[in-house]
Amino acid sequence: MHILRTILDDFINAMLQNLMVCIISTLCCLVFIVIKNRKKLKNKKSIKELLTKKNYICLIILWFYTTFIISKTLITRIHWEDPFSNIMGGWTIYQHANGMYNVENIENLLFFSPFILLLYLSFPILTQYKSNVSTILQSLCIGFLCSLFIETCQVIFSVGTFQFADLFYNTLGTVIGAFLFFIARMKFNPRTSP
C-alpha cells in the first residue's frame, strides 16, 4: 500500500510541477488545430464541433500527455555530472534510508501505457489493416525509440541518468498500452477489431 501511495504522490507532484508547461503547450496545439482548419470554420459553433471530434480530443490529450512526459523526463530534471553513473540501475523497487520507496521502474511502465493508447486513438491509421501482432511489434518499436530519444537527450543535456531499465520499462509500458487499446477497440468499436 505504501508503494502505491508513493507512485500516486510522485505522479501528482510531477503533474503539478509540469502543469503550466503542459497547459501552455496544449493551448498552442489548440490554436494550431483551429488555424489548420480555418477554411472549414465559419463560426464559433463550427470551432466547437471541430474540437469535439473524437480524434481531435484524443490528439489534444495526447499532446498534453506527451508534453507532460517530456517535461518530467527532461525539463524539470536536475543536472547530473555523469549521466552514465547508474547505467544498470533502476531494475527493482527498493527503500531509501529515509523510508521512501524508489518506484521509478513502475512509474516508467505506467507513464508510457497511456501514451501509446492515446497515440493509437489519435491516429487510427497506425493500427488500421494491421493484425494485433504487428500492432504489438509497432508498439515495441515506438516505445523503444521514444524512450531511447528521452534517454539520449538526458545524456546530451546531463539531466538524469541513462539506464537500460528505463528503456525496458518504457517499452514494456507501450506494449501494455497496446493491449489497453485492443480492449478499448473491442469494447467500443468491435467491427474494426482484426
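Author: Read along the sequence, the chain runs in the pattern α-α-α-β-β-α-α-α, and its secondary structure comes to six helices and two strands, where helices (H or I, at least four residues) and strands (E, at least two) are DSSP runs numbered from the N terminus. The model is predicted, so that local features need pLDDT of at least 70 and side-chain atom pairs count only at pLDDT 80 or more, while totals for chains, interfaces and linings use all residues. Residues are numbered from 1 along each chain as its sequence is written, and side-chain values use heavy atoms, with hydrogens and water left out.

Reader: What makes Thr127 buried?

Author: Buried means under 20% relative accessible area, exposed over 50%, and partly exposed in between (1.4 Å probe, protein chains only). Thr127 has a relative accessible area of 5%, and therefore it is buried. Thr127 is placed in the loop between α4 (104–122) and α5 (132–156). Leaving aside neighbours within four places in sequence, Thr127 is in contact (heavy atoms within 4.5 Å) with Tyr120, Thr135, Phe181 and Arg185.

Reader: Why are α4 and α6 called oblique to each other?

Author: Two packed helices are described by the angle between their axes and the distance between the axes. Axes are lines fitted to C-alpha atoms, for helices over the stretch in contact, and angles run from 0 to 180 degrees between N-to-C directions. Angles under 35 degrees count as roughly parallel, over 145 as roughly antiparallel, 65 to 115 as roughly perpendicular, and the rest as oblique. The axes of α4 and helix α6 (residues 164–188) come within 6 Å and cross at roughly 45 degrees, and α4 and α6 are therefore oblique to each other.

Reader: Which residues of α4 and α6 meet, and how do they divide into nonpolar, polar and charged?

Author: In α4 the residues include Phe112, Ile116 and Tyr120, and in α6 they include Tyr169, Gly173 and Phe181. The residues of this contact of α4 with α6 divide into 12 nonpolar, seven polar and one charged, where Ala, Val, Leu, Ile, Met, Phe, Trp, Tyr, Cys and Pro count as nonpolar, Asp, Glu, Lys and Arg as charged, and the others, Gly among them, as polar.

Reader: How do you know that α4 and α5 are oblique?

Author: α4 and α5 pack at an angle of about 120 degrees, with their axes 11 Å apart, and therefore the pair is oblique. Phe112, Phe115, Ile116, Leu119 and Tyr120 in α4 meet residues of α5, among them Thr135, Ile142 and Cys146. The residues of the contact of α4 with α5 divide into eight nonpolar, three polar and no charged.

Reader: How many disulfides does the structure hold?

Author: A disulfide is a pair of cysteine sulfur atoms within 2.5 Å, and the structure holds zero of them. Cys29 is in no disulfide, and the nearest cysteine sulfur, that of Cys28, is 8.8 Å away.

Reader: What is the phi of Ser158, and where is Ser158 placed?

Author: Phi of Ser158 is near 55 degrees, a positive value in a residue other than glycine, and Ser158 is placed in the loop between α5 and α6. Most residues other than glycine have a negative phi. Ser158 counts as buried because its relative accessibility is 15%.
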